[in-house]
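Okay, hi everyone. Let me put the structure up, and then I'll walk you through a few spots in it.

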Amino acid sequence: MKRFLALVVCTAFALPVLPEGPAFSQGMAAGGKMNMDMGGSAPTGSAEVTAGTLVISKAYAKAMLPGQPVGGAYLTITNNGKADDELMSVSSPVAGAVELHEMAMQGEVMKMRKLDKGIAIPAGKSVELSPGGLHMMFTKVKQPFKQGETVAVTLTFAKAGNVEIALPVSGLSPK
Ligand SMILES: [Cu+2]
């Protein structure tokens, strides 16, 4: 049941149910197939923060459509230390909740799930949250994210503790 709910939330995020508009046809193909910005690099203006042995880079949030209650954000975490860390949770004053999600193609279908555990950040490794893969999902967003704004988030790590970062909001379809 929990997984089903998470799937519904993700679908709402991926398929904003809105009157037909230009943004609608851009991201989506018919049949619920997703055309996300696979392998794209982070938009310019993305944020970078150092916290102990962690470097957080390429951090940004995606602009949201009017009325869309769910938003996504991405970043890369590099662990230059000798000890593993873990991104345990994320919070933001502008969202009811921020969940850690995973997305992967299974054949032609994009499957999403909420991660019950955090995201491991192994020593000496980089972990990328990016469109089409791991991501942060903001739910119950009060005001849809607009390009040019920033979104404040607090990342909570097992070892590095709380790290605050302001995510610049990129355009709806950064290409
Ligand atoms: Cu999601």
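So, glutamate 102 is partly exposed, with a relative accessible area of 29%; that label sits between buried, under 20%, and exposed, over 50%, with a 1.4 Å probe and protein chains only. Its salt-bridge partner is arginine 113, at 2.8 Å from N to O, and arginine 113 is partly exposed too, at 33%. By salt bridge I mean a side-chain nitrogen of Lys or Arg within 4 Å of a carboxyl oxygen of Asp or Glu.

Before I go on: this is a predicted model, where local features need pLDDT of at least 70, side-chain atom pairs count only at pLDDT 80 or more, and totals for chains, interfaces and linings use all residues. Residues are numbered from 1 along each chain as its sequence is written, and side-chain values use heavy atoms, leaving out hydrogens and water.

How many salt bridges turn up in the whole structure? A search finds 2. Glutamate 99 pairs with lysine 114, with the closest N and O atoms 3.9 Å apart. Glutamate 99 is in strand β5 and lysine 114 in strand β6, so this pair ties together parts 15 residues apart in sequence. Strands here are DSSP runs of E, at least two residues, numbered from the N terminus. Glutamate 99 counts as buried at 17%, while lysine 114 is partly exposed at 30%.

Now the metal. Which residues coordinate the copper ion? His101 (ND1), Met112 (SD) and His135 (NE2) do, at 2.1 to 2.7 Å. Donors are N, O and S atoms within 2.8 Å of the metal (3.2 Å for Na, K and Ca), and water is not among the atoms, so sites may look incomplete. Histidine 101 is buried at 0%, and methionine 112 is buried at 8%.

Notes:
Helices (H or I, at least four residues) and strands (E, at least two) are DSSP runs, numbered from the N terminus.
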